[in-house]
Amino acid sequence: MKTRSLTFHTDPGHGWLEVSRADLDALGIANTISPYSFQKAARVYLEEDTDAARYMDAAKAAGYRLTIRDQYADPSPIRNLPSFAP
């Protein structure tokens with residue numbers, strides 16, 4: 001079983017689940033992630049409405065054990081990152 005310790009970043013208006021680009025590729029879902037998610041190097045910040053749930057569903061189906069901690073910022077610097085591109 002693979003274990004992932006993830007961070008769920010929030011600000012007053014939205015939230016993003018921080019995951020690795022490698023996980024998206026390994027799970028075969030990189031091409032399904034929307035441009036409403038963001039990226040910085042090998043880290044991807046999945047928007048909370050659809051992309052984060054897609055990741056969690058795929059990870060759990062693949063046998064990953066997920067632990068998630070919350071991190072709040074006002075405003076979140078994630079909003080200034082480039083949009084995700086597969």
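This is a predicted model: local features need pLDDT of at least 70, side-chain atom pairs count only at pLDDT 80 or more; totals for chains, interfaces and linings use all residues.
1. The partners are tryptophan 16 and phenylalanine 38, whose ring centres lie 6.4 Å apart. Because their planes stand at 65 degrees, the pair is classed as edge-to-face; the cut-off for that class is over 60 degrees.

2. The pair joins distant parts of the chain, its members being 22 residues apart. Tryptophan 16 belongs to strand S2 (residues 15-20), whereas phenylalanine 38 belongs to strand S3.

3. Are the two partners buried or exposed? Tryptophan 16 is buried, with a relative accessible area of 1%. Phenylalanine 38 is likewise buried, at a relative accessible area of 13%. Both assignments rest on the cut-off for burial, which is under 20% relative accessible area.

4. Where is alanine 41 found? The residue sits in the loop between strand S3 (38-40) and strand S4 (43-47). Alanine 41 is exposed, with a relative accessible area of 76%; the exposed class requires over 50%.

5. A further backbone feature concerns a peptide bond. The bond from aspartate 74 to proline 75 is cis, with omega near -5 degrees. Proline 75 is located in the segment that follows strand S5 (65-72).

How values were computed. Residues are numbered from 1 along each chain as its sequence is written. Side-chain values use heavy atoms; hydrogens and water are left out. Helices (H or I, at least four residues) and strands (E, at least two) are DSSP runs, numbered from the N terminus. Buried means under 20% relative accessible area, exposed over 50%, partly exposed in between (1.4 Å probe, protein chains only). Rings of Phe, Tyr and Trp (its six-membered ring) pair if their centres lie within 6.5 Å; planes under 30 degrees apart count as stacked, over 60 as edge-to-face and the rest as tilted.
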